[in-house]
Amino acid sequence: MKSLFSIDTISKKLLIMLMSVAIVSTISVALVFSAYELTSAKREQIESLESVSNMLSPNITAALLFDDQDAIKELIKPVLSRSDILSVTVTNIDGNILAESTAPNIDKTSLNETSKLTKVITPLSLDNQGYGELFIIADDSYINDRIQFYGKFLLLLLLSTFAVSLFLSLILRRIFLSPILYLSEISEKITTSNDYTLRATEQSNDEIGQLTTCFNSMLDTIEQRETLLESQVKLRTKELEKANIQLHEFAYQDGLTDLPNRRYFYKKLQSLIEVNNMQFALIFIDLDGFKEVNDTLGHDYGDLLLHQVAKRLQNCVRANDTVARLGGDEFTLIIEGINDVERATEIAQKVKNSLMQSININGSQVHVTGSIGLTFYPADGRSVEDLVKHADQAMYLSKSKGRNRYEFFSYVIEEQAIEKRRIIEEIRIALKEDQFTLYYQPIFDLDGINVTKAEALIRWLHPQQGLLGPNEFIPIAEQNGLIEQIGDWVRDRAIKDAAHWFRLTGKVTQVSVNCSPLQFDRAGLWVDNWILACNKIGLPRDTIIIEITENTLMDPDSPIQQQLHRLSDSGIDIAIDDFGVGYSSLAYLQRLDIDILKIDRSFIQHMETNENSIALIRAIITMARHLKVKVVAEGVETQGQHQLLQQLSCDYLQGFLFAKPMPTKDFIKSYIKPLATQIETYKSVTD
């Protein structure tokens with residue numbers, strides 16, 4: 001029994017020892033293997049995360065370039081299908097978050113516990129240029145799952161033999177790790193080759209198989225996104241190239257003539273000025289008669305005309321010279337390397353002769369000329385502003401001298417322009433400070449005694465220069481948009497004076513007011529203001545006479561004729577000033593209700609020595625009498641002229657022989673008050 005006991009005891013001890021050895025061996029092996037698996041799992045997790053990150057980074061970088069945040073979100077969202085990945089974040093180069101995706105049921109504050117988490121950071125760069133970073137944060141669930149599994153496996157090893165434990169551990173290792181290693185290998189190939197057509201083969205139907213399916217699905221999404229992104233990039237690149245070409249054309253080319261435009265002209269001018277020792281001639285050209293082409297043939301013909309003019313100008317210069325259109329009918333030439341008047345004159349003459357040749361447009365022969373101004377760099381200015389200003393001044397000088405000519409800039413022109421600007425500013429001040437006044441020149445009956453009319457003549461009481469006549473400021477006012485304000489002032493003052501005289505005498509003294517054709521507007525507002533002002537102050541009909549020149553009525557379709565009808569219908573008389581020297585047809589005398597013809601003083605001046613002048617005056621008076629129109633002879637200065645006009649039965653006389661223009665108070669004193677006295681005396685006698 002004892003031996004049996006011993007054997008039994010030894011057996012037990014041996015069994016215990018063997019079991020202990022087995023247990024210790026098993027635990028040791030399990031611990032060593034578990035440690036190995038823990039380290040391996042950690043390494044494999046990081047490698048897997050890095051593979052995923054490297055695979056995503058090129059596509060995210062491309063989306064980041066186009067600021068396509070939606071595409072970034074769609075790229076990072078499938079990554080969360082892995083159970084261990086908690087968060088995927090994309091930031092820009094400044095560290096600002098552009099896109100972030102977090103696994104469900106994850107508290108963001110827990111993401112700050114870095115000791116329990118695995119972080120993978122991948123720079124987002126292209127051609128060594130950084131654009132941001134990709135952050136992937138994963139927890140230890142992957143590793144914890146391994147630890148739990150091997151804990152259970154350890155219990156199984158304790159109940160099994162060492163050999164079975166070892167065998168099972170090897171089998172299990174092969175079963176569980178091979179698919180993951182396989183996926184890692186596929187991921188590495190995709191990352192290396194950027195070939196997103198590769199796919200992983202599903203080797204099982206378990207979780208690893210599901211992971212493989214998700215992996216392949218993610219690759220499908222990335223491949224589609226990459227294909228779409230490539231097509232969008234190509235499309236947008238083509239659109240940008242086309243837009244850049246169009247933008248350049250719009251920025252520097254005139255769409256009508258295909259010449260360089262104003263912007264290119266100024267840029268070219270500045271670039272030439274910046275070149276050392278540069279010399280060039282700058283030529284400004286303004287077409288004469290272009291407005292008439294537009295008005296008579298239409299704007300389509302005008303556009304075709306400008307296109308033909310552009311071609312002619314290009315034929316007048318060299319290939320390296322610049323021809324540009326500033327706008328409207330204004331063109332410029334930049335002739336490089338020229339700084340002498342003789343060569344510039346040849347070019348200007350060539351341009352002038354070319355423009356004078358008739359242009360055939362759709363079967364119609366069109367004629368235009370050019371007003372040309374020339375200036376030189378650096379002699380006439382060293383800045384773009386000075387050169388352009390001086391060339392423009394020279395061009396306007398050629399226009400004022402009759403057009404179809406060329407003029408060179410001189411500093412005399414500059415002084416004249418400065419003087420003109422000074423007068424313009426002084427006219428504005430004169431309007432504000434009421435420096436204008438009206439003089440009145442009486443208009444006598446044929447006997448030269450009775451005055452029933454007077455012509456209102458504006459004068460300027462200049463603070464420094466004294467009394468100025470209209471010829472010294474009216475043309476400038478007309479050229480610079482001030483004639484309307486002056487006309488309004490004259491209208492109000494003349495109506496006020498006429499009303500005052502009527503109250504003094506009880507009799508109408510007609511006031512004749514000269515009007516510029518520039519005051520007429522198509523809407524008829526100017527006529528409305530005259531009618532309103534007369535009605536407001538209660539003037540009797542026929543108190544006001546509007547004087548217009550004969551040339552104003554040249555166009556039979558002009559709105560001026562229509563508005564004159566309105567004036568006549570409202571009781572305002574119409575007079576034709578300077579009659580006989582205009583270029584219009586006499587047909588307007590039939591169409592319009594003209595009340596007075598004022599014979600130009602040039603006919604009166606020569607009537608004592610020229611029989612033709614007498615014949616013309618007789619014809620005018622005879623014609624007017626048949627049309628029931630009154631005639632005023634202007635500029636009567638001698639008794640001989642008076643006698644001849646009496647013989648011709650002229651209706652009214654006006655001139656220095658009888659009275660010069662005088663201030664309002666003198667006119668009242670000489671003609672209104674005596675008339676008022678006569679009327680009062682007559683009333684007292686009749687009473």
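Predicted model: local features only at pLDDT ≥ 70, side-chain atom pairs only at ≥ 80, totals over all residues.
## Handedness of a crossing

A crossing of two helices is called right-handed if the near helix is turned clockwise from the far one by less than a right angle, and left-handed if it is turned anticlockwise.

## Helices α6 and α10

Helix α6 spans residues 262-273 and helix α10 spans residues 384-400. The two pack at an angle of about 120°, and their axes are 10 Å apart. The helices α6 and α10 are therefore oblique to each other. Their crossing is right-handed.

On the side of α6, the contact is formed by F265, Y266, L269, Q270 and I273. Helix α10 contributes V384, L387 and V388. Sorted by class, this contact of α6 with α10 comprises seven nonpolar residues, one polar residue and no charged residues.

## Helices α13 and α14

The second pair consists of helix α13, residues 483-505, and helix α14, residues 525-537. Here the packing angle is about 30°, with the axes 10 Å apart. Because angles under 35 degrees count as roughly parallel, α13 is described as roughly parallel to α14. The crossing of α13 and α14 is right-handed.

Helix α13 takes part in the contact through R491, I495, K496 and A499. From α14, the residues in contact are N529, W530, A533, C534 and I537. By class, the contact between α13 and α14 holds six nonpolar, one polar and two charged residues.

How values were computed. Residues numbered from 1 in each chain as written. Heavy atoms only, no water. Axes fitted to C-alpha atoms, helices over the stretch in contact; angles between N-to-C directions. Helix = DSSP H or I, 4+ residues; strand = E, 2+ residues; numbered from the N terminus. Parallel < 35°, antiparallel > 145°, perpendicular 65-115°, else oblique. Contact = heavy atoms within 4.5 Å. Nonpolar A, V, L, I, M, F, W, Y, C, P; charged D, E, K, R; others polar.
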